[in-house]
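Q: I am new to this structure and would like to learn how to read it. Can we go through it feature by feature?

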Amino acid sequence: PEPAVLTGSVVEDPPLAFGQDADPEGPLTLTSVINIEEDIVIADVNVTVNINHAWNSDVKVSLASPAGTTVILIDGVGGSPDNLIETLLDDSALEAISSGEGPFTGSYIPSNPLSTFNGEMSLGDWTLTIEDTYPSLDDGGFIGWSIEIVEVGLSNSEYSIEEMITVYPNPTSDYIYILFYVYKGPRVNFFHIIISSSVSYTHLT
């Protein structure tokens, strides 16, 4: 089967204000949570953000996984141009976000790799934190974000048949036992085949 792809999104209407230029009591940071209800082993994570801000290099964005791992995705990039609109953060992009400028529409390599999350489990709260690092100068508006999580898959290039089969006894006797073990994420498929004058087959998922 094809690896699972899990998605989630948050849209704020109207956008959530952050910064303390117009309002000295305004928030310096915002957090937004997407709950992923399915548990898979992570092979890839991509994040899209939409943020209004009059000076992009003031904006710092980080993502925390359910396991508590935090990756800073955007940190002091873009100089004075405004906004991050439909900004896709993807380790496979061709341009680093540090080389781009507002409104950063398109795909960019984040400030730090999203592959840090690879091998973790997807289930639980994914928390995006948006920070205005110079809150007294300009304010921002958080419009929303989305996440895409891709599952680890099995392929012939990753697992040889010798790694998945146990035959015993060896040397053989009248009965030959062949055990197949197939692992895919948190799910385990177990195959048990007995080859003799009669054949027994057991499959447990």
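Q: Which residue of strand 6 does Ile51 stand opposite?
A: Ile51 stands opposite Leu84. Strands here are DSSP runs of E, at least two residues long, while helices are H or I runs of at least four; both are numbered from the N terminus. Two strands pair if DSSP finds at least two bridges between them. Strand 3 (residues 42-53) and strand 6 (residues 84-89) pair over four bridges, in the antiparallel sense.

Q: What should I know about the model and its numbering?
A: This is a predicted model, with residues numbered from 1 along each chain as its sequence is written. Local features need pLDDT of at least 70 and side-chain atom pairs count only at pLDDT 80 or more, while totals for chains, interfaces and linings use all residues; side-chain values use heavy atoms, leaving out hydrogens and water.

Q: In what sense do strand 6 and strand 7 pair?
A: Strand 6 pairs with strand 7 (residues 106-108) in the parallel sense, over three bridges. Thr87 stands opposite Gly106 there.

Q: What is the strand order in the open sheet of five strands?
A: The order is 1-9-3-6-7, and the pairing is mixed. Strand 1 and strand 7 are the edge strands, each pairing on one side only. From one strand to the next, the twist averages 20°. Such angles run from 0 to 180 degrees between N-to-C directions, with axes as lines fitted to C-alpha atoms (for helices, over the stretch in contact). Asn50 stands opposite Gly144 in strand 9.

Q: How are side chains placed along a strand?
A: In a regular strand they alternate between the two faces of the sheet.

Q: Which strands form the open sheet of four?
A: The order is 2-8-4-5, with antiparallel pairing. Strand 2 and strand 5 stand at the edges with a single partner strand each, so one side of each has no neighbour in the sheet. The twist averages 20° from one strand to the next.

Q: How many bridges join strand 2 and strand 8?
A: Eight bridges, in the antiparallel sense. Val33 has Thr127 in strand 8 as its bridge partner. Strand 4 and strand 8 pair over six bridges, also in the antiparallel sense. Lys60 has Glu131 in strand 8 as its bridge partner. Five bridges join strand 4 to strand 5, and Ala64 stands opposite Thr70 in strand 5.

Q: Where do nonpolar side chains tend to be?
A: In soluble globular proteins, they tend to be buried together. A nonpolar core is a set of buried Ala, Val, Leu, Ile, Met, Phe, Trp, Tyr and Cys residues joined through side-chain atoms within 4.5 Å. Buried means under 20% relative accessible area, exposed over 50%, and partly exposed in between (1.4 Å probe, protein chains only). The largest core has 33 residues, of which Val45, Leu63, Trp126, Trp145 and Ile147 touch the most other members. Among the elements giving two or more residues to this core are strand 1 (5-18), strand 8 (124-132) and strand 9 (140-151). Strand 3 gives the most, with five residues.

Q: What is Trp145 in contact with, beyond its neighbours within four places in sequence?
A: Contact means heavy atoms within 4.5 Å. Leaving those neighbours aside, the partners of Trp145 include Gly8, Val33, Val49, Leu63, Trp126 and Leu128.

Q: Is Leu128 buried or exposed?
A: Leu128, in strand 8, is buried, with a relative accessible area of 0%. The C-alpha atoms of Leu128 and Val33 are 6.3 Å apart, although the two are 95 residues apart along the chain. Contacts of Leu128, leaving aside neighbours within four places in sequence, include Val61, Leu73, Phe142 and Trp145.

Q: What describes a pair of aromatic rings?
A: The distance of the centres and the angle of the planes. Rings of Phe, Tyr and Trp (its six-membered ring) pair if their centres lie within 6.5 Å; planes under 30 degrees apart count as stacked, over 60 as edge-to-face and the rest as tilted. The count here is two aromatic pairs. Phe104 and Tyr108 have ring centres 5.5 Å apart and planes at 75°, so this pair is edge-to-face. Phe104 and Tyr108 are both buried. Phe117 and Trp126 have centres 5.2 Å apart and planes at 80°, so this pair is edge-to-face. Phe117 is buried, at 0% relative accessible area.
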